[in-house]
Structures are given as C-alpha cells and as structure tokens.
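Open the model in your viewer and keep the sequence panel beside it. The tour below goes from one selection to the next.

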Amino acid sequence: MAKRALITGITGQDGAYLARRLTDEGYQVHGAYRRSASLTTWRLKEIGVLDDIQFEPFELAEYNNILRTLDRVQPDEVYNLAAQSFVGISFEQPLYTSDIDGIGVARLLEAIRCVDPKMKMYQASTSEMFGKVQAVPQTETTPFYPRSPYGVAKLYAHWMSVNYRESHDMYTVSGILFNHESPLRGLEFVTRKITSSLARIHHDGKGEMQLGNLDAERDWGFAGDYMNAAYLMMQQETPQDFVIASGRTHSVRDFVNAAASALDMSIEWEGSAEKEVGRNQKTGEVVVRVNPKFWRPAEVEQLLGDPSRARKSLNWNPEVNFEQLVEKMVLADVKNVEAGLLPSRTLE
Ligand code: NAP
Ligand code: GDD
C-alpha cells in the first residue's frame, strides 16, 4: 500500500518541491492548506502536482483542527513546513509568529502523540537559530543565538521536537536548513526580489530596485535539493537532526552581481551605507539603491553551514550550485516578465 504523507504549508515554496519528491516516490500526498480568500495553488500547478494532492483545511493555531486532520488522514509521515516564514515581519508580529512557529509545533507534536505516536514528523528548523553565530561554519553542534522573534520561535519548536523524541520515543527529526531558493520563492525574500526586479529593469530598459543590508551573507542553495534532504531524513533507521547547507556563502551584493551578469549586465558600486548605489556600467543609470526601511532591528550578518554529516549519513548530494541557482531564477523571471506574470508592484 502507498505510504501517506501530510505536508503542512503545502502552498509555499518547499511544499511544492516536497510534494513533487513524494509523489515521485509513489506517496499519497495530503496537502494541509490554510483557508483564505484565494488559495495559492500556482506553485503546485507549476511543478505539475496539483491534481495529485488531496487538500485538507488546516490551521496551526487550532489544536482541534490539527487533531481531527491527523485522525482523518492517518499519515505515516508528517512534514511540518507551515510557518510565518518571513524574518523581517516577525519583528512587527512577534506574538503571532511565536504562536504559529513555536506553540503551533507543540500543538502538532502533542496531537501526533494523542492520535498515533508512531507517525513520523519532520520539523522545518532553520539556520536563523544560529543568528549571531558562535562558530564558523555552523554544524549540528554549534550553539544557537537567535536574533529575531522568528528565530526564537523556531528554536523553541526545534527543542520541542528533540524533547518529544527523547521523552516519548517518537520519530521526530529537524532539518536545520540554510536559505534555499528557487523560481517558486516568495517575492518578498531578497533573492527573488532581486531576480524579479532585475528581470523587469532589463525588459523595460529602465527602473531601479531598493534593498536593505547589502553586506549580509547567506549560504544559499536550491529548494529542490533541500526537500530531497528532508525526505531522506525521514527514511533513516534512527531519527537525527541535520544541517542542510551548500557550504558556501555570498553577500546580497554578490547575489545582485551574479543575477545582473546572467542578464549580461554589469553593476558598478559606489558610496557606502545608505548612500551606496549600484549603476548599470553600460548606461550609468542607478539600478540599485539602499533604503534603510529594509534594515532589520537586529541582523544575522553571516551564515555558512557545514553539511558534512548529511552528505555522509544521508548520502545527500545537492545538484544545483549557487551560480546555477541564480541563473535559473533570473531566466524564469525573464519569462515571467515577458508573459506579464509578475505583479507591477510588490509590498516588500
Ligand atoms: P513559505 O513559502 O512562506 O510557505 C509557508 C507555508 O506555511 C505557506 O503554505 C503558508 O500558507 C503556511 N502557513 C503560514 N501560516 C500558517 C498557519 N497559521 N497555519 C497553517 N499554514 C500556515 O515558506 P518556505 O520557504 O516554503 O519554507 C517552508 C518552511 O521551512 C517554513 O517553516 C520556513 O520557516 C522553513 N525554512 C525555510 C527556509 C528557506 O530558506 N526557504 C530555510 C529554513 C527554514 P499560505 O499560503 O496560506 O500563506
Ligand atoms: N527580504 C529582504 N528584502 N532582505 C533583504 C533586503 C530586502 O530588500 N535587502 C537586504 N536584505 C537582507 C536581509 O537583511 C537578510 O540579511 C538577507 O538579505 C536575507 O533576507 P531574506 O531573503 O528575507 O531571508 P532570511 O535569511 O531573513 O530568511 C530566510 O532564510 C531563513 C534561513 O536562514 C527565510 O526563508 C526564513 O524562513 C529561513 O528560516
């Protein structure tokens, strides 16, 4: 009989890639979605799994809804991807973020314990938990020091997952995933903001984008590779947490340069802090401006993960490197602009 998986956060970037991975493995996939005025199904459609998913209305704030969903679906594996996932907003909505990303995970763990503690659970932990990093590179044993309400909430969830494993002998695993991106990334995250904005500027022959901290460094990988790792973590004899990262770090400025270069554009930088601008070398026009509005009250300056344990124990081999990822995203956004699929105005 086909294995059954319940994916929370099915409408997000990772939900799409994981749904693809699991349907390819022959799973019956149940997608837990949050009810809203307009259900976001474009990612599932784009990746070709929309018709394979059985949708379940689901809300991490509602314990009884979680309980009834688990009871009805009886999944072998639960992948908890649902979250308020935008770090910037967590400073403005710390209580909501704590409730969904922190307590919501306690609700889910407790509901699994009630319905059937044999259900396996994957928790979407994050490199944001390393925050003000205590060692470089970060591994599974690096101490945590979160720098945002999002990171703090995720750290609570992370330790709850460990605690249920150790107290109740449940199969819970946390993937400590570093930033992972794709053409399906939300437009408010910096990578997609850059690729969509540059694609539009390239198409229109004019325009500029406003960014925040250009010096922040991230370890960026491809979401498809990272959801493969999530799947592998759930297939092990013994549940264990893993760092999933590329092992390379780049600044936001590096990302802009790489994205511009995929469009045959070269950027010249001048000035510093909020006065820094990036000019199109050919035309002299400003294409990047710094707007302090996008600076965060506390910043994670640099993330760099060491995925050695995952490479060795899970035999995890990512297929897309940084340069390929940037190119993939830029080319997808060039097509989106040409097809009129990008909104003319975004909120972040
Ligand atoms: P995403 O695109 O923002 O997707 C988040 C998903 O959670 C959406 O489907 C959203 O539904 C759902 N959701 C939000 N609040 C909910 C609630 N109260 N109840 C039920 N569902 C809710 O995020 P992602 O990039 O796919 O990331 C997936 C997970 O991995 C998140 O937990 C994120 O924090 C974590 N993570 C991501 C990265 C990364 O670089 N992408 C790295 C480390 C960890 P709507 O469509 O209704 O908004
Ligand atoms: N979003 C955004 N917009 N970020 C900007 C901008 C901007 O205009 N300008 C500079 N940045 C900087 C941010 O300050 C941050 O240092 C970096 O770009 C990356 O920001 P995001 O793309 O928003 O991602 P994040 O690192 O804060 O969080 C993502 O990765 C985490 C894993 O480390 C999210 O996917 C989280 O859900 C995930 O846990």
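**Stop 1: D14**

Select D14, which lies in helix α1; helices (H or I, at least four residues) and strands (E, at least two) are DSSP runs, numbered from the N terminus. This is a predicted model, in which local features need pLDDT of at least 70, side-chain atom pairs count only at pLDDT 80 or more, and totals for chains, interfaces and linings use all residues. Residues are numbered from 1 along each chain as its sequence is written, chains are lettered from A and ligands numbered from 1 in the order in which they are written, and side-chain values use heavy atoms, with hydrogens and water left out.

D14 has a relative accessible area of 16%, so it counts as buried (under 20% relative accessible area, 1.4 Å probe, protein chains only).

Now show what surrounds D14. Leaving aside neighbours within four places in sequence, D14 is in contact (heavy atoms within 4.5 Å) with L81, H180, A223 and M227. Its side chain makes a polar contact with the side chain of H180 at 2.7 Å; such a contact is a pair of N or O atoms within 3.5 Å, and within protein one must be able to donate a hydrogen and the other to accept it, while residues adjacent in sequence count only if both atoms are side-chain atoms. A223 is 209 residues from D14 in sequence, yet the two are 6.4 Å apart in space, C-alpha to C-alpha.

**Stop 2: ligand 1**

Select ligand 1 and the 26 residues that surround it, each with a heavy atom within 4 Å of it. The closest are T11, R34, E59, S85 and Y150. Which elements each supply at least two residues of this shell? They are α1 (13–24), α5 (94–115), β5 (120–126) and α6 (149–168), and the largest share, 3 residues, comes from β5.

- A ligand 1 nitrogen is 3.2 Å from a polar backbone atom of L60.
- A ligand 1 oxygen is 2.9 Å from a polar backbone atom of L81.
- A ligand 1 nitrogen is 3.2 Å from an N or O atom in the side chain of R185.

**Stop 3: the nonpolar cores**

Next, select L22, Y122, I194, L198, M233 and I244, the residues with the most contacts inside the largest nonpolar core, which has 67 residues. A core is a set of buried Ala, Val, Leu, Ile, Met, Phe, Trp, Tyr and Cys residues joined through side-chain atoms within 4.5 Å. Helix α8 (residues 223–233) gives the largest share of this core, 8 residues. For a second, separate core of 21 residues, select L6, I66, A82 and V105, which are among its members.

How values were computed
Buried < 20%, exposed > 50% of the residue type's maximum accessible area, 1.4 Å probe, protein only.
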